[in-house]
Amino acid sequence: MDGAGSSMADSDTWRPPRACNDYWSEWKHCKSIPNLFHYYYTYGEAPSCKQWKRDYENCKAWEKTRSSEAKDSLCKSERERVMEKQKYAPVWSLRKGPPVSWYLPLDEDKPK
């Protein structure tokens, strides 16, 4: 009985990872002419914007009906986006702390 109550509470408190308008904005940006040109120039093909539209529709469906399929689809889509971002190593190496001489004044005033 406790498990059923907690799933009901989870359903009431769960929110989509983004606002539905964010998915719509991402889809509109993806379909924009400047983005199409940039993406084609960079990758040699047109971007696929279907997932943004699907996410928007799932978000609206969840808001309207609290559909578990829409919720699961949104969660899966966001997980895939995070995993896609984690595939690539960062450009800059992250440092563990500040440089040793971080507190010293800069040499901007000295002539070169």
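Figure 1. Number the bonded cysteines of the protein in sequence order, and the pairing reads 1-4, 2-3. The structure shown is a predicted model, and its disulfides come to two in count. One of them joins Cys20 to Cys59, and another is formed by Cys30 and Cys49. The next two views take these links in turn.

**Figure 2. Close-up of the link between Cys20 and Cys59.** The sulfur atoms of Cys20 and Cys59 sit 1.9 Å apart in this disulfide. The link is left-handed, with -85° about the S-S bond. It connects distant parts of the chain, since Cys20 belongs to helix α2 and Cys59 to helix α4, 39 residues apart. Cys20 counts as buried because its relative accessible area is 4%, under the 20% limit for that class. Cys59 is buried as well, at 0% relative accessibility.

**Figure 3. Close-up of the link between Cys30 and Cys49.** Here, too, a disulfide has its sulfur atoms 1.9 Å apart, this time those of Cys30 and Cys49. The torsion about the S-S bond is about -80°, so this disulfide is left-handed. Cys30 is in helix α2 while Cys49 is in the loop between α3 and α4, so the pair ties together parts 19 residues apart in sequence. Both cysteines, Cys30 and Cys49, are buried.

**Figure 4. Helix α2 and its buried side.** Take a moment to follow α2 from end to end: its 12 residues reach 17 Å from the first C-alpha to the last, close to the 16 Å expected at 1.5 Å a residue. Its buried residues are Cys20, Tyr23, Trp27 and Cys30. These residues lie on the same side of α2, because they cover an arc of only 90° around the axis. An α-helix has 3.6 residues a turn, so residues three or four places apart point the same way. Among the elements covering the buried residues of α2 are α3 (33-43), α4 (50-65) and α5 (68-86).

Figure 5. Pro17 is found in the loop between α1 (2-13) and α2 (20-31). It is partly exposed, with a relative accessible area of 46%. Setting aside neighbours within four places in sequence, Pro17 is in contact with Tyr23 and Glu78. Its C-alpha atom is separated by 9.4 Å from that of Cys59, although Pro17 and Cys59 are 42 residues apart along the chain.

**Figure 6. A salt bridge between Glu63 and Arg15.** The structure holds eight salt bridges; this view picks out one of them, with the closest N and O atoms of Glu63 and Arg15 3.9 Å apart. Glu63 lies in helix α4 and Arg15 in the loop between α1 and α2, so the pair ties together parts that are 48 residues apart in sequence. Glu63 is partly exposed at 36% relative accessibility, and Arg15 is partly exposed at 48%.

Figure 7. Arg81 forms a salt bridge with Asp55, whose closest N and O atoms are 2.5 Å apart. This pair links distant parts of the chain, with Arg81 in helix α5 and Asp55 in helix α4, 26 residues apart. Arg81 and Asp55 are buried. Through shared partners, salt bridges join Arg18, Glu26, Asp55, Glu78 and Arg81 into one network. Arg18 is partly exposed at 24% relative accessible area, and Glu26 is partly exposed at 29%.

How values were computed
Residues are numbered from 1 along each chain as its sequence is written. This is a predicted model: local features need pLDDT of at least 70, side-chain atom pairs count only at pLDDT 80 or more; totals for chains, interfaces and linings use all residues. Side-chain values use heavy atoms; hydrogens and water are left out. Helices (H or I, at least four residues) and strands (E, at least two) are DSSP runs, numbered from the N terminus. Buried means under 20% relative accessible area, exposed over 50%, partly exposed in between (1.4 Å probe, protein chains only). Contact means heavy atoms within 4.5 Å. The expected span of a helix is 1.5 Å times one less than its number of residues. The arc is that of the directions from the helix axis to the C-beta atoms. A salt bridge is a side-chain nitrogen of Lys or Arg within 4 Å of a carboxyl oxygen of Asp or Glu. A disulfide is a pair of cysteine sulfur atoms within 2.5 Å.
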